[in-house]
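Hi,

Here is the structure I promised to pass on.

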Amino acid sequence: MHKVSDIASKCGQFSQAPVQSLMPLPAPYDRIADLPPRKVLNQKVLDKIDTSLDGFSALGLARPQTRKEEQKFVERFLSGLEKLLSKENNWTFIEQLKLSLEHCARCQTCVEACPIYTASGHDEVYRPTFRSEVFRRLVNEYAKPGGKALAWLKGEHVELNAATLGRLLESAYRCTLCRRCAQACPMGVDNALLTREVRKLFSMEMGIAPKEIHEKGSMLQLRTGSSTGMNARAVRDNVSFLDGEIRDQTGLRIETPWDKEGADVLLIHNAGEILAWPENPMAFAIILEAAGISWTMSSELAGYDSVNYGLWYDDAQFARVAVRQAEAARKLKVKKIVLGECGHGHKASMVTADRILTGDLNIPRESALVLLRDIVISGRLKLDPSRNDFPVTLHDPCNMVRMMGIVEPQREILRAICPQFREMTPHGVNNYCCGGGSGFAIMSGYNFEDWRFSVAGRTKLKQILDAFADCPSPDVKKYVCAPCSNCKGQFRDLFQYYGVWEKSGILYGGLAELIVNAMADINQPFIKWEFH
Amino acid sequence: MLTVMLISVALVVFLAGNLVRVVKFLRMPSPLRWELYPIPKGPQERQRYGGSYFEDSDWWTKPRASSHKSEAVFVLKEVFLLRGVWENFRGLWLWSWLLHWGLYLYLLITLFAIGEALLPADAGALVLHAALIYGYRLACPLGLAGALGMLAMRSWHPRVRAFTTRTGIFDLLLLGSIFATGNLLLTTGPDGLHSMIRGLARFPTRLGNHSVTWHLHVCLVAFFLAYFPFTHMTHAYMKYFMWHQVRWDDSASVHDPYAAKELAVNLQRKTSWAAAHIAAGGTAAWSEIVADADGNGAGKRA
Ligand code: SF4
Ligand code: SF4
């Protein structure tokens, strides 16, 4: 077993993350030998980037090559640490940060709640308290007066070198920020918050963050309007194409309204849906039109993309995007913003940005699940549940459920339209993360995906298989309803990795699609049962 | 006399240290929301599954139900039954519960004993007197068993061993010694501990003859009091903030008349985050950082 201070060790890989220790899965996924082989990084890459945590690399962090470079790296970290602990630089989260830093009893009550730690076979490096304890000790030793002497006295010295920092940073990207551990902590300590603060320090002071969520994510969104890179014209073109698809598939003539001033609802999708799962925005358009809702989409910068990746790693990026989205709504004078099926977009806009969006930027914001529930329960649509007579289970996106308490609306819908709906265990606010949370679903790093599927998504996969244990045959088509774009991204990749569609006949998709699939007025089944 | 001075100074440090901690916390800037469900607020039906007001359509127009009763029930379960440990780490629960109850009883009886000592001599009812003596007889063995059990867990249990620190061991030894000397005092006379508290509560200038155990116990308690505000054990009361101000704080800015004012103050704060997309080596107000959508480094010109 490793000691916390071993994080500074200059030789070798901290954890081997052996596949043999992984939590077992039910048949036919029980043979470790059947797992796709892990990607082997060549020596040239290994010499260049830091993989010393567990052999994986989410960030491709360049190793400092000289003593001077290492010193500089450490100095920049210390400067960031100072800022993280100051009110001026970190007014956003300093209260929560200090509370979590100062009150951990090291009782380990929280650790078994972590799906990553348990799925890995209790690999110490993924223990929720491990990175928190390293970080706490660094704060105590290097950012407090008399810290060095006290650290020696208490036996809590951690050497601050490039190895420590490289591993600490990578380990901050081995946690999905699902906050299950925080739920279990009797003190109220939040290891996920500490993880996010570590990510933040590296991003906001040192400019180090995964390229998928920074350069190709929030920076791209602020530049073009969407993290997909679609500008206003491209998004309108793509949606207009989808309007045509609706006509072809259903015969319905729908023209998605754009920039309609004074509409009741500004619908903001995760723009990734438009490209990767177009059936979801199509389903929304069909439902809103059929229910007679006054709605619009916005072609303003960020007004057509609900993603806000800053939520996971950077307060400045977070605030910039949140404000742009609210400005788009203000400009259109809409009554409310409705957030489409995107979990982190929900939390970013409705919860975390709440105290940033005051005055005329405080446009009311509501979950699409609530609007959909109201429509379904009101009877405005003619629904035939027998069209959804296949096994359906529900995935609870952490951001919507554990962090926002939106639990029942999606269930009310499923109970009304899916006769074979069954829950996973556990579910609701106690759900397990899909393993793609906090940006993982869009991150591939160097060989990060191997870890994302074999470790991070493992618990969820087991839960899904257990939910369908009564009908394991691939001939029985089954549906995991995941009302979140990032979760769907993770399911797509995870199912592909394990061959779940072929071996078990399990498809994933959104909630709106199930509603349209049950609409009696539409002749063709809306769900296509093709894996993509 | 030295013993009396020691405990007096310790009490002052205890009170001042804890006060500073709370005041420091209260002076923190108003942070962003970071709640976590389930939250014991709102209608009972929703609390059952951890639902929130976000489940209502047009939630901002609806009255907010808050339930102090549910919060109180939750807190009482957490404080007196250690619900979280029971649910998530059963193996630790018994020892932790014994230790906590030892401490609660010791503190409670001591407060009563001080009260009794400060009352006129004939006011102390016999029943109360006896209750206090039996209270100590319960508190010390419970606390000692808890401390020893926790020490054993910390030393061998694989779940906690690697994360046991010297401070963790020290804290348990300290608490264990307080309860052990307390137990010894209980054996020296029928009301050993109780008469000690009564004696001390009157701030005597002369103590008379007392055993080494007596002095040792008082010194250990004094040390504990002075040490407490600087440890994680302040979770005893800081937990209030961790739960009420963070986990359960779901108050929406639309219902908060001060939200805009607080934000205005925060946006004027200067930041010097050095990454190129933020202040880029300079300093800028948060309002400028947010306005700099291209991430060109709002502080560059500074
Ligand atoms: S985070 Fe909470 S549960 Fe986990 S070790 Fe710290 S105090 Fe215990
Ligand atoms: S937030 Fe989730 S993934 Fe991260 S340590 Fe806690 S339980 Fe594990």
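Ligand 2 has 13 residues around it, and the closest are C114(A), C175(A), C178(A), R179(A) and C181(A) (near here means a heavy atom within 4 Å). By class, this shell holds nine nonpolar, one polar and three charged residues, with Cys counted as nonpolar and Arg as charged. In chain A, α4 (115-119), α5 (128-142) and α8 (180-184) each put at least two residues into the shell; helices are DSSP runs of H or I with at least four residues, numbered from the N terminus.

Before you read on: this is a predicted model, with pLDDT of at least 70 needed for local features and 80 or more for side-chain atom pairs, while totals for chains, interfaces and linings use all residues. Residues count from 1 along each chain as written, chains are lettered from A and ligands numbered from 1 in written order, and side-chain values use heavy atoms, without hydrogens and water.

On to the interface. 95 residues of chain A touch 77 of chain B (contact: heavy atoms within 4.5 Å). There are six salt bridges between the two chains, counted when a Lys or Arg side-chain nitrogen is within 4 Å of an Asp or Glu carboxyl oxygen. D354(A) pairs with R33(B) in a salt bridge, with the closest N and O atoms 2.9 Å apart.

Some backbone bits too. The A27(A) to P28(A) peptide bond is cis, omega near 5 degrees, and P28(A) sits in the segment before α1 (43-48) of chain A. Y37(B) and P38(B) are also joined by a cis peptide bond, omega about 5 degrees.

Cheers
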